[in-house]
Amino acid sequence: MPIVLSDASYSYPDGSLAVDGVSLRINDGERVAIVGQNGAGKTTTVKMMNGLLKPSTGTVVVDGESTTEHTTATIARTVGYVFQNPDDQIFGSDVQGELEYMPKYLKWDAAKSAERVKRAAKMAGIGRYLKVNPNDLPFAIKKFVAISSILVGECKYVILDEPTAGLDSQGLKLLNRLMDQLQSQGVAVITITHDMRFVVDSFTRVVAMANRKIIADGTCAEVFADDAVLTAAKLKRPEVAQLARELGLSDSALHLDDVVALVP
């Protein structure tokens with residue numbers, strides 16, 4: 001069953017409005033990028049999806065259950081959230097201890113715990129670091145430790161906050177391979193990011209936000225061809241797409257191969 005936000009709004013205790021009447025559905029196995037400038041409402045929206053924030057008005061329903069009826073810890077078993085800065089998430093004295101925290105909290109048996117930890121470490125490519133203190137690891141590796149700590153659980157949705165920040169080309173390849181594995185298992189991946197190249201290369205659906213509202217929801221080609229949406233969300237068209245437009249070839253070409261194929 002999906003994540004469904006229905007006219008969901010969130011106001012901070014001081015009364016300031018962070019998200020205004022957002023309606024959105026995330027289905028199993030989807031890859032959805034939520035884009036827009038700082039202050040658009042992206043982070044608040046995804047935090048409502050996993051119960052870190054509860055809607056002030058409207059509803060957020062995960063697998064048929066309203067988030068207001070469950071604790072954040074309960075919802076997080078279904079909707080995993082990976083923070084932008086891994087230091088905000090990691091607290092274990094070694095990587096293995098970090099990955100074993102959730103199984104211990106949920107009181108899994110030893111066999112299940114060991115299997116899930118091994119699987120998550122392999123998916124995130126961090127098996128060699130299990131005995132290392134996370135504080136001694138490079139920032140990029142720590143990001144995959146944080147992701148792995150979420151993958152240990154049996155979540156159906158994974159939220160990645162600015163996952164490409166600090167990653168080199170190899171890290172990007174690993175991230176995309178990991179997302180492919182999750183999608184093949186029916187796990188939805190939701191990202192909030194300012195990296196439009198990552199969006200174009202890795203996501204099939206784009207949700208654009210501006211002024212605390214959703215202003216577009218469609219394919220990459222649809223969203224990045226819409227000048228009004230890009231202006232309102234203060235987004236730049238990916239370089240290849242901009243080149244294709246300047247050459248008068250297409251508004252929907254997003255990859256270099258597409259541009260080459262269109263050249264007379």
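Guide: A residue is called buried under 20% relative accessible area, exposed over 50%, and partly exposed in between. Please note that this is a predicted model.

Visitor: Then where does Lys213 fall, buried, partly exposed or exposed?

Guide: Lys213 has a relative accessible area of 39%, so it is partly exposed.

Visitor: Which side chain does Lys213 meet in a salt bridge?

Guide: Its partner is Asp20, with an N to O distance of 3.1 Å. The pair joins distant parts of the chain, as Lys213 belongs to strand E10 (residues 213–218) and Asp20 to strand E2 (residues 17–26), 193 residues apart. Asp20 is partly exposed because its relative accessible area is 23%.

Visitor: How many salt bridges are there?

Guide: The count comes to 11. Among them is the pair Glu100 and Lys104, whose closest N and O atoms are 4.0 Å apart. Both residues lie in helix H3, 4 residues apart, or about one turn of the helix. Lys104 is exposed, at 61% relative accessible area.

Visitor: Which residues pair in helix H7?

Guide: Asp201 and Arg197 both sit in helix H7 (residues 196–202), 4 residues apart, about one turn. Their side chains form a salt bridge at 3.3 Å, N to O. Asp201 counts as partly exposed at 46% relative accessibility, and Arg197 also counts as partly exposed, at 32%.

Visitor: And which residues are linked in a network?

Guide: Salt bridges link Asp28, Asp63 and Lys156 in a network.

Visitor: What lines the largest one?

Guide: The lining includes Val82, Phe83, Lys143, Phe144 and Asp161. By class it has 7 nonpolar, no polar and 2 charged residues. Helix H5 (139–151) and strand E7 (157–161) each supply at least two lining residues, with the largest share, 3 residues, coming from H5.

Visitor: What about the second largest cavity, by class?

Guide: Its lining has 4 nonpolar, 2 polar and 2 charged residues. Among the lining residues are Ala76, Arg77, Met102 and Cys155.

Visitor: Lastly, which residues form a nonpolar patch on the surface?

Guide: Phe91, Tyr101 and Tyr105 form it, with about 370 Å² of accessible area together. Phe91 lies in the loop between strand E6 (79–82) and helix H3 (95–105). With a relative accessible area of 56%, Phe91 is exposed.

Key:
Residues numbered from 1 in each chain as written. Predicted model: local features only at pLDDT ≥ 70, side-chain atom pairs only at ≥ 80, totals over all residues. Heavy atoms only, no water. 1 Å grid on protein atoms, 1.4 Å probe; cavity = no way out; pocket = protein on both sides within 12 Å on 5 of 7 lines; lining within 4 Å. Nonpolar A, V, L, I, M, F, W, Y, C, P; charged D, E, K, R; others polar. Patch = residues over 30% accessible without salt bridge, like charges linked within 9 Å, V, L, I, M, F, W, Y side chains within 5 Å. Areas by Shrake-Rupley, 256 points an atom, 1.4 Å probe, with all protein chains shown as cover. Buried < 20%, exposed > 50% of the residue type's maximum accessible area, 1.4 Å probe, protein only.
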